[in-house]
Amino acid sequence: MYYQNKKRNSTIPKEWFFFKPQNLSDNKNLSHLSKKVGVIFFNNNLSVNKFMKKIELCVKFCQKKKIKFIIPYSEFWGNKYRAFGMMVETDRKSQSAHVRKKKYRNYFITAKVHNFKEAFLAKGLADLIFLSPVLKTNSYPEKQPLNNYIFISLCFFFKEEVVFALGGVNYKNFKFMKDKKLHGFGGISCFEKNEKI
């Protein structure tokens, strides 16, 4: 796995803004981000090429501000934009098999994990793991949060990966999760301007 040496974890942001380019408020929030916060551009329904062209100006903004960013998995666009990482879909076997063959790479493979089935698919594939949803979230109110036992078990399961909490997490409640082997957290609304204050 890339960057398995924990000493390199200092290069990985502890906070990640999950950015949806179709949300106008997200575009505004992006301009207020500190460069210590990473950005994950996530795509729900566009083809990769259309999506990457749509976020081109946002990527250039991140590059200019030296903000680390992660894009959907695409070697072409990852190399073109010099992405910090790429997000894989663990349920896409063809993609997962392709990524596993890449022994040498200069980017982080990232995955969202919602259960143990996905955890087994992501193990040995991804470097950065976002466990989700950790808490009740406004973005996906129909999804039940991981129960505490499963959440802690998944943290231990991914002891060789860098683990983040995602879903309903903010600066205040993350303070109570730090003892659960978490490197940091990801979110959307918690990165709105002045939310940290």
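1. The largest nonpolar core has 49 residues; such a core is a set of buried Ala, Val, Leu, Ile, Met, Phe, Trp, Tyr and Cys residues joined through side-chain atoms within 4.5 Å. Buried means under 20% relative accessible area, exposed over 50%, and partly exposed in between (1.4 Å probe, protein chains only). Val39, Phe41, Phe69, Ile71, Leu131 and Phe158 have the most contacts inside this core. Apart from it lies another core, of 14 residues, among them Ile12 and Phe164.

2. A word on the source: this is a predicted model, where local features need pLDDT of at least 70, side-chain atom pairs count only at pLDDT 80 or more, and totals for chains, interfaces and linings use all residues. Residues are numbered from 1 along each chain as its sequence is written, and side-chain values use heavy atoms, leaving out hydrogens and water.

3. Do look at valine 39: leaving aside residues up to four places away in sequence, its contacts (heavy atoms within 4.5 Å) include Trp16, Leu30, Cys62 and Phe69. Of the protein's 197 residues, 47% count as buried.

4. You will find 2 salt bridges, each a side-chain nitrogen of Lys or Arg within 4 Å of a carboxyl oxygen of Asp or Glu. One joins lysine 123 and glutamate 161 (3.2 Å, N to O). Lysine 123 lies in the loop between helix H6 (116-122) and strand E6 (128-131), and glutamate 161 in the loop between helix H7 (148-157) and strand E7 (162-166), so the pair ties together parts 38 residues apart in sequence. Glutamate 161 is buried, at 4% relative accessible area, whereas lysine 123 is partly exposed, at 25%.

Technical notes: Helix = DSSP H or I, 4+ residues; strand = E, 2+ residues; numbered from the N terminus.
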